[in-house]
Amino acid sequence: KRTIDREWIDHAGIETLRHSQAIVANSEFVAEVLQDVMGQAPAAVVYPPVAAAEAVCVGAKPVHEREFVTCPSVQRLKGALIFLELARKNPDIKFLLLAGDDRHSHETDVLAKAEGLSNVKVHRDWVLDMRQIYAQTRCMLLGTQTCETFSRVSAESLANGVPMLTSDAGNLARIVDAEHGIVVPRKAPVPEWNEALHKALA
């Protein structure tokens, strides 16, 4: 099993990288991909820093008293459709969709479906300070269908004690462990995601 599907490989980008003096990877997952597709290990793996002062909310309610299951993206490939299915199946649970990235992804139909569900709150503006979001979040949902190279929102959620529910795409399976969240196979059916959601909220 390869670390990345061949159809996702940017061959022109790989050729550019071959001329670099050194390559720095932002996760062990990316390091494995470089080794896999280029036959070359990076010079170093440097995880992006997460500054507690800028990411951790202070004085928030305990996690189990917070309101929302939050999806940080309106994009299909970031799991927005899984988010919508879970919201439909759980009308008594409040969901929050961050749709600021719609300004470049243009997921108009996803937004329309989200706004048609009474238990979903849509935040259309780009969020500059995620602490306000973490302070309201019971569970962070990332049903990503592509390869996450790092996932800052996962790292920051964990720093805030927010349970994670993620796919196993890319680095997500490495950043989330059994103590702090649940990892679901990327192509898992909705009932499996729904069961995992209830475990994450328990």
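**Questions about this chain**

Me: Which residues of helix α4 (residues 80-89) are called buried, and what does that word mean here?
Reply: In helix α4, the buried residues are Ala 80, Ile 82, Phe 83, Leu 84, Leu 86 and Ala 87. A residue is called buried under 20% relative accessible area, exposed over 50% and partly exposed in between, with a 1.4 Å probe and protein chains only. Helices here are DSSP runs of H or I with at least four residues, and strands are runs of E with at least two, numbered from the N terminus. This is a predicted model, in which local features need pLDDT of at least 70 and side-chain atom pairs count only at pLDDT 80 or more, while totals for chains, interfaces and linings use all residues. Residues are numbered from 1 along each chain as its sequence is written, and side-chain values use heavy atoms, with hydrogens and water left out.

Me: What covers the buried residues of α4?
Reply: The cover includes the strands β3 (68-71), β4 (94-98), β5 (120-123) and β6, together with the helices α6 and α10 (190-201), where a contact means heavy atoms within 4.5 Å.

Me: Which residues of helix α2 (residues 28-38) are buried, and what do they pack against?
Reply: Phe 29, Val 30, Ala 31, Val 33, Leu 34, Val 37 and Met 38 are buried in α2, and the buried residues of this helix pack against α1 (11-17), β1 (24-25), β2 (44-45) and α9 (172-175). Just after α2, Gly 39 takes a positive phi of about 70 degrees.

Me: How do you know whether the chain agrees with a compact globule?
Reply: A compact globule of 202 residues would have a radius of gyration near 17 Å and the chain has 18 Å, so the two agree; the radius is taken over C-alpha atoms, and the globule rule is 2.2 Å times the number of residues to the power 0.38. Along its principal axes the C-alpha trace spans about 55 × 35 × 30 Å, and 46% of the 202 residues count as buried.

Me: What makes a space a pocket, and what volume does the largest pocket have?
Reply: On a 1 Å grid over the protein atoms alone, a cavity is a set of points where a 1.4 Å probe fits but cannot get out, whereas a pocket is an open set with protein on both sides within 12 Å along at least five of seven lines, and lining residues have an atom within 4 Å of a point. The largest pocket holds about 530 Å³, a volume being the space filled by probe spheres set on the points, which are joined across faces, edges and corners. Of its 22 lining residues, the closest to the centre are Pro 72, Trp 126, Met 130, Arg 152 and Val 153. Helix α8 gives the most to this lining, with three residues.
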